[in-house]
Amino acid sequence: MNIIKFNENFPDEVSCILQFKEQKDRIGVICPKCGCKEHYWLQNKLRYECKHCHYRQSLRSGTVMENSKLPFLYWYIAIHLLTSTKKSFSAAELQRQLGHKRYQPLWEMCCKLRDVMGKRDDIYSLSGQVELDNAFITTLIPDDQKDEALKRGTGSQNKSKVVVMTESTFVENPKQGKPPKAVTHIKMKIVCDLKAETTTNIVKAYVDSQAELTTDASTSYKKLKEHVKKQDAKGHC
Ligand SMILES: [Zn+2]
């Protein structure tokens, strides 16, 4: 959604509240006291009242906005910026754009959103065309281990082993000289070793069983065929 579309859909606080309530009703509201699923809607208080025990809960209860006093519109703008901009933005920038007096609540909002979005990304299963690779990333060595001699190669203490999974989709009309694929998601997981069993467990956890997997020709990938729809080794397909 670009900024114009966003502004059309969410021009003010009321439109954000309406959309938020619609989403919440679709998922279903459950009374935390008695488990009842039927509620009255108290429009002027923005609260649900349980039809059975009359317990009241706010529209924000059980969501990332719980305990926040910031307008829904602020949350929607922050979500829009976090999901639609390629570069990251700071809470200070958001504060400046919104003209809000205090920095702390905006900083907290950004932290909470990044946290829930990270969790959502973590449970996302990669599907379609998925390429699997290993990478070694240089890491900082703790002060108390700095005197130890560095091991060479892939076992070195200052190299973390990472499994990189890249999901992509085919593009109908790729630009000249560009591959006919566009990357849609990337997942990177730090692992303690690159044994077949470790890689297999990572694939089982993060790649959909209907995915088509591409790997290099390493023998440690041979068993992956059992967990995905198709597996090809690069250079052999
Ligand atoms: Zn109840």
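1. Ground rules. In this predicted model, local features need pLDDT of at least 70, side-chain atom pairs count only at pLDDT 80 or more, and totals for chains, interfaces and linings use all residues. Residues are numbered from 1 along each chain as its sequence is written, and side-chain values use heavy atoms, with hydrogens and water left out.

2. Domains. The chain splits into domain 1 (1-63), domain 2 (76-123) and domain 3 (129-139 + 155-233). These bounds come from an automatic or database domain assignment. Taken over C-alpha atoms, the centres of domain 2 and domain 3 are 30 Å apart.

3. Zinc donors. Cys31 (SG), Cys34 (SG), Cys50 (SG) and Cys53 (SG) are the protein donors of the zinc ion, lying 2.3 Å from it. Donors here are N, O and S atoms within 2.8 Å of the metal (3.2 Å for Na, K and Ca); water is not among the atoms, so sites may look incomplete. The donor residues follow the spacing C-x2-C-x15-C-x2-C in sequence.

4. Zinc geometry. The site is tetrahedral, with angles of 101 to 116° among the four donor atoms. The label applies to four donors if all angles lie between 85 and 135 degrees.

5. Cys31 is buried, at a relative accessible area of 2%. Cys34 is partly exposed, at 36%. The classes are: buried under 20% relative accessible area, exposed over 50%, partly exposed in between (1.4 Å probe, protein chains only).

6. Largest pocket, volume. The volume of the largest pocket is about 580 Å³. A pocket is an open set of points on a 1 Å grid over the protein atoms alone, where a 1.4 Å probe fits, with protein on both sides within 12 Å along at least five of seven lines. Points are joined across faces, edges and corners, and a volume is the space filled by probe spheres set on the points.

7. Largest pocket, lining. The lining has 22 residues; Phe20, Gln23, Val64, Tyr76 and Ile79 lie nearest the centre. A lining residue has an atom within 4 Å of a point. Two or more residues each come from α2 (13-27), α3 (72-84) and α5 (104-123). The largest share, five residues, is from α2. Helices (H or I, at least four residues) and strands (E, at least two) are DSSP runs, numbered from the N terminus.

8. Lining by class and domain. Twelve lining residues are nonpolar, eight polar and two charged. Nonpolar covers Ala, Val, Leu, Ile, Met, Phe, Trp, Tyr, Cys and Pro; charged covers Asp, Glu, Lys and Arg; the others, Gly among them, are polar. Domain 1 (1-63) and domain 2 (76-123) each supply at least three residues to the lining.

9. Positive phi. His54 is not a glycine, yet its phi is positive, about 65°. His54 sits in the loop between β2 (47-50) and β3 (56-58) and is partly exposed at 46% relative accessibility. Asn67, also not a glycine, has a positive phi of about 70°. Asn67 is in the loop between β3 and α3 and is exposed, with a relative accessible area of 74%.

10. Two C-alpha separations. Ala205 belongs to helix α6 (residues 196-206) and is partly exposed at 49%. Ala205 and Asp122 are 83 residues apart along the chain, with C-alpha atoms 10.0 Å apart. Ser218 is in the loop between β7 (212-215) and β8 (230-233) and is partly exposed at 29%. Ser218 and Asn9 are 209 residues apart, with 50 Å between their C-alpha atoms.

Notes:
Tetrahedral: all angles 85-135°; square planar, octahedral: opposite > 155°, others 65-115°.
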